[in-house]
Amino acid sequence: MPLTSGISEVDTLLGGGIHTGSSTLILGPAGTGKSLFSIQYVCAAVARGERAAMFIFDEELGLLLDRTRVMGFDLEAKRGSGQLVIEQIDAAELSPGEFAHKVRSVVDDLQAKTVVIDSLNGYQAAMPEGGALILHIHELLQYLNRQGAATFVTVAQHGLLGDNIRAPVDVTYLADTVILLRYFEAMGQMRRAISVMKKRTGPHEDTIREYSIRNGGLRVGEPLREFQGVLRGIPTLVGEKTAL
Ligand SMILES: Nc1ncnc2c1ncn2[C@@H]1O[C@H](COP(=O)(O)OP(=O)(O)OP(=O)(O)O)[C@@H](O)[C@H]1O
Ligand SMILES: [Mg+2]
């Protein structure tokens with residue numbers, strides 16, 4: 001049974017959901033919603049009665065709890081129930097090896113089946129040489145896969161629109177599934193789109209769907225069929241305009 005997100009459109013996009021024992025990379029420019037999508041999976045896991053662990057590098061924990069509360073994610077209550085552990089990691093204080101050890105011990109103790117590492121950019125900041133990061137991450141993801149966990153890793157890409165978007169570290173080939181988040185400009189607005197770049201464990205939609213972030217959470221629409229060039233960031237309208 002694949003793991004669902006709590007948003008039926010996201011599950012449909014992913015061909016039914018994410019498989020346990022697999023890793024998912026959430027890629028996108030700053031502010032697109034990478035953390036929120038990973039938190040969406042954490043909350044869905046806890047709602048199913050499962051346990052989840054989050055390792056956050058970039059954000060102050062109190063701020064994360066506050067800002068996600070208005071989105072409808074009550075992470076604090078989930079921590080209180082013992083189903084969720086959130087570890088704030090200071091990249092300057094932990095070596096990559098120590099971090100990997102910490103993740104393994106937290107996940108093993110908690111028997112967590114959903115694991116979030118947000119973000120790899122933060123992890124990379126702790127690495128003296130880039131190459132070793134790939135090895136550490138590879139080993140860690142393999143371990144978590146063997147434990148039957150679904151692991152979500154976020155990577156912030158540099159650049160905003162179009163062809164100049166680059167990830168500081170390419171781990172797309174390590175992850176079993178890659179979810180791509182993009183901004184696009186249309187009708188004088190910055191809008192957001194989600195698509196699935198790859199999924200090793202099964203079929204998925206090859207559509208691009210618009211999503212929005214608002215108080216109350218993430219909302220994902222039907223496939224965008226009226227636009228051409230969404231992934232390049234400046235699409236042209238080729239059909240009738242649809243509102244989300
Ligand atoms: N209440 C809200 N209403 C509308 N939009 C919101 C709201 N709260 C947050 N956002 C949007 O969500 C974005 C943050 O989402 P999230 O933290 O998941 O992004 P991210 O991709 O993880 O960012 P970063 O790369 O900085 O880590 C903000 O940039 C903002 O545009
Ligand atoms: Mg984030």
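1. Thr 207 has a relative accessibility of 13%, and because the cut-off for buried is under 20%, Thr 207 counts as buried. This residue sits in the loop between E7 and E8, in what is a predicted model. Its side chain makes a polar contact of 2.4 Å with the side chain of Glu 205. Beyond its neighbours within four places in sequence, Thr 207 is in contact with Leu 13, Ile 194, Ser 195, Pro 223 and Arg 225.

2. Strand E7, residues 189-199, holds Arg 191. Is Arg 191 buried or exposed? Arg 191 counts as buried, with a relative accessibility of 6%. The side chain of Arg 191 is joined to that of Glu 210 by a polar contact of 2.7 Å.

3. Next, the ligand. There are 13 residues around ligand 1, and those that come nearest are Lys 34, Ser 35, Arg 67, Arg 192 and Asn 215. Two side chains can be checked by distance. A polar side-chain atom of Arg 67 is 2.6 Å from an oxygen atom of ligand 1, and for a polar side-chain atom of Ser 35 the distance to an oxygen atom of the ligand is 2.8 Å. Thr 32 uses its backbone instead: a polar backbone atom of Thr 32 lies 3.2 Å from an oxygen atom of ligand 1. Ligand 1 taken alone exposes 640 Å², of which the protein buries 67%.

4. Which elements give two or more residues to the shell around ligand 1? They are helix H2 (34-47) and strand E8 (208-214). H2 gives the most, with three residues. By type, the shell is made up of four nonpolar, five polar and four charged residues.

5. Helix H3 covers residues 61-69, and its residues Leu 61, Leu 64, Leu 65 and Thr 68 are buried. Viewed down the axis of H3, the buried residues fall within an arc of 95 degrees, so they line one face of the helix. An α-helix has 3.6 residues a turn, so residues three or four places apart point the same way. What do the buried residues of H3 pack against? Their partners are H2, strand E2 (52-56), helix H4 (75-80) and strand E3 (84-88).

6. Some backbone details deserve a look. The peptide bond from Asp 118 to Ser 119 is cis, with omega near 5 degrees. Ser 119 is in the loop between strand E4 (114-118) and helix H6 (120-125).

7. Gln 111 is not a glycine, yet it has a positive phi of about 55 degrees. Its place is the loop between helix H5 (96-110) and E4. Met 187, also not a glycine, has a positive phi of about 55 degrees. Met 187 lies in the loop between strand E6 (177-186) and E7. Is Met 187 buried, partly exposed or exposed? Met 187 is partly exposed, with a relative accessible area of 44%.

Methods: Residues are numbered from 1 along each chain as its sequence is written. Chains are lettered from A and ligands numbered from 1 in the order in which they are written. This is a predicted model: local features need pLDDT of at least 70, side-chain atom pairs count only at pLDDT 80 or more; totals for chains, interfaces and linings use all residues. Side-chain values use heavy atoms; hydrogens and water are left out. Helices (H or I, at least four residues) and strands (E, at least two) are DSSP runs, numbered from the N terminus. Buried means under 20% relative accessible area, exposed over 50%, partly exposed in between (1.4 Å probe, protein chains only). A polar contact is a pair of N or O atoms within 3.5 Å; within protein, one must be able to donate a hydrogen and the other to accept it, and residues adjacent in sequence count only if both atoms are side-chain atoms. A residue is near a molecule or strand if one of its heavy atoms lies within 4 Å of it. Accessible areas come from the Shrake-Rupley method with a 1.4 Å probe; for residues, only the protein chains shown count as cover. Ala, Val, Leu, Ile, Met, Phe, Trp, Tyr, Cys and Pro count as nonpolar, Asp, Glu, Lys and Arg as charged, and the others, Gly among them, as polar. The arc is that of the directions from the helix axis to the C-beta atoms. Contact means heavy atoms within 4.5 Å.
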